[in-house]
Amino acid sequence: MGLWRERFLPWLVDKGLSGDEHEALRAKAAAGLEGRVLEIGFGSGRNLAHLPEGVERVEAVEPASGGRRIAAERIAACPAEVRFAGESAEAVDLPDDSVDAALSTWTLCSVPDPARGLAEIRRVLKPGGRFHFLDHGLSPDPKVARWQRRLEPLQKLAFGGCRVQLPIDRLIVDAGFHVEQLETFYMKGPKFSCFMYSGVARID
Ligand SMILES: C[S@@+](CC[C@H](N)C(=O)[O-])C[C@H]1O[C@@H](n2cnc3c(N)ncnc32)[C@H](O)[C@@H]1O
């Protein structure tokens, strides 16, 4: 992993995905989590502040050491235990049926093989476990979708492989989840990168 992805991007993402609107969405995504929770793309640990009291342990998966470094103070301040369970959502270092819930915020867009990452989440979730997701992706507006197609190569280059035209809900359903809650909306900012999917999916 190059210096940009490893060191600078985690810092940029930590600053960029902050502020009132982002924090409110993080709080919503974390609501209802409990027990042992897998978080893929843990980043700089910005979701820790939003975890409900019922969360006992976070199994964090994060490839960038820069993110893990920024997270250190947040981990120390977090009442839940935090441990790292690998560096890739596509190969989570946990046994089958071992977590009560899973969380992903602005991460499926960056995972090179999101179908594999989702299959891993399914594998480690206990039966009935829930996946809380928040991500940007494909807009239903053809005009915006055209800009997403044009600008995705630049987005990928600048933001560590981040894609803007993934159909997040379809990927989750195709991975065998049942989507229980889903909201789609634009966040503030350029429409091509701000069409959001926020929700909860369950495995049966
Ligand atoms: C846009 S950042 C979001 C970070 C964090 N989830 C947040 O909400 O602030 C995307 C994150 O996905 C991580 N990532 C990239 N490839 C990954 C992979 N294969 N498995 C897990 N995480 C990955 C990046 O290192 C980065 O921390």
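This report walks through the fold, the core, the ligand shell and a few individual residues of the structure above.

## About the model

The structure is a predicted model, in which local features need pLDDT of at least 70 and side-chain atom pairs count only at pLDDT 80 or more, while totals for chains, interfaces and linings use all residues. Residue numbers start from 1 along each chain as its sequence is written.

## Overall fold

Let's begin with the whole chain. The protein has six helices and seven strands, taken as DSSP runs (helices H or I, at least four residues; strands E, at least two) and numbered from the N terminus. Read from the N terminus on, the elements run α-α-β-β-α-β-β-α-β-α-α-β-β. The radius of gyration is 16 Å, close to the 17 Å that the globule rule gives for 204 residues, so the protein is as compact as a globular protein of that length. Here the radius is taken over C-alpha atoms, and the globule rule is 2.2 Å times the number of residues to the power 0.38.

The C-alpha trace spans about 45 × 40 × 30 Å along its principal axes. Of contacts between residues at least 6 apart in sequence, 69% join residues at least 24 apart; a contact means C-beta atoms, placed from the backbone, within 7 Å. Buried residues make up 42% of the 204 residues. A residue is buried if 20 or more other C-beta atoms lie within 10 Å of its own, exposed if 12 or fewer, and partly exposed in between.

Which residues of helix H4 (residues 114–124) are buried? They are Pro-114, Gly-117, Leu-118, Glu-120, Ile-121 and Val-124. Seen down the axis of H4, these buried residues fall within an arc of 155°, so they line one face of the helix; the arc is that of the directions from the helix axis to the C-beta atoms. That set packs against strands E1 (35–40), E4 (99–105) and E5 (125–136), and against helix H6 (168–174).

Ile-121 also belongs to the largest nonpolar core, which has 46 residues; Val-37, Leu-38, Ala-102 and Ile-121 have the most contacts inside it. Such a core is a set of buried Ala, Val, Leu, Ile, Met, Phe, Trp, Tyr and Cys residues joined through C-beta atoms within 7 Å. Leaving aside neighbours within four places in sequence, Ala-102 is in contact with Val-37, Leu-38, Ile-121, Leu-125 and Phe-131.

## Around the ligand

There are 20 residues around the ligand, and Gly-41, Gly-43, Ala-64, Ala-89 and Thr-105 come nearest; to count as near, a residue needs its C-beta atom within 6 Å. By class, the shell has 10 nonpolar, seven polar and three charged residues. In this scheme Ala, Val, Leu, Ile, Met, Phe, Trp, Tyr, Cys and Pro count as nonpolar, Asp, Glu, Lys and Arg as charged, and the others, Gly among them, as polar.

Gly-43 sits in the loop between E1 and strand E2 (55–61) and is buried, with 25 C-beta neighbours inside 10 Å. Not counting residues up to four places away in sequence, Gly-43 touches Pro-10, Val-13, Asp-14, Glu-62 and Gly-67.

## Two positive phi values

Asp-97 has a phi near 50°, a positive value in a residue other than glycine. Its place is the loop between strand E3 (81–84) and E4, and Asp-97 is exposed, with 12 other C-beta atoms within 10 Å.

Trp-106 likewise has a positive phi, near 50°, and is found in the loop between E4 and H4. Is Trp-106 buried or exposed? With 23 other C-beta atoms within 10 Å, Trp-106 is buried.

Notes
Two residues are in contact if their C-beta atoms, placed from the backbone, lie within 7 Å.
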